Amino acid sequence: MRRVHVVALLGAVVLAAGVGGTLAVSPHLRAVARDAVAPAPDAVSPPAVEPTARRYVDAVAAKDLDALVAVFAPDALIVDVTREIRGHDAIRHWAETEVIGGRLTVLGETPRPGGTTLLVRFQPGGVGGFRASYSFDIAGGLITRAELQYA
């Protein structure tokens, strides 16, 4: 009797026929399976990220709440999807409960006059995650407004 095993790997289906208790897999299917389960390499933050935006990214990576708050102007506004967060006290609470401990990977940057927009992957708590667009208005080396939207 011949057994056929079906293995679903991240949307790819690999068929392997067992012969005499031995699993026979073609080299091509083996490569497909290997590539399907191999972790994707993290995108590397572009080295030329605008310096104030870089401080935000670095503060998240270092889990440094004080540094993250300090990158914002005292009266800065964050629009997190539709929720408004204004001023250092509110930003501190938001960052402490929703940002610090997460993992932020910069996928790309689009500089613009008066600021920059980052395409990022944010993983709250360091797992799972989503792509987002972080649009920062910057003046005097501080973020004055941040719009965070799902990408």
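Predicted model: local features only at pLDDT ≥ 70, side-chain atom pairs only at ≥ 80, totals over all residues.

Residues are numbered from 1 along each chain as its sequence is written, and side-chain values use heavy atoms, with hydrogens and water left out.

A search of the whole structure finds 6 aromatic pairs (ring centres of Phe, Tyr or the six-membered ring of Trp within 6.5 Å; planes under 30 degrees apart are stacked, over 60 edge-to-face, the rest tilted). One of them joins Tyr 56 and Phe 72 edge-to-face, at 6.0 Å centre to centre and 85° between the planes. This pair links distant parts of the chain, 16 residues apart: Tyr 56 belongs to helix α2 (residues 51–62) and Phe 72 to strand β4 (residues 72–80). Helices (H or I, at least four residues) and strands (E, at least two) are DSSP runs, numbered from the N terminus. Both Tyr 56 and Phe 72 are buried, meaning under 20% relative accessible area with a 1.4 Å probe, protein chains only; exposed is over 50%, and partly exposed lies in between.

Why is the pair of Tyr 134 and Phe 136 edge-to-face? Because the ring centres are 6.2 Å apart and the planes stand at 70°. Ring pairs link Tyr 56, Phe 72, Tyr 134 and Phe 136 into a cluster.

Turning to α2, its buried residues include Thr 52, Tyr 56 and Val 60. After α2 comes Lys 63, with a positive phi near 55°.
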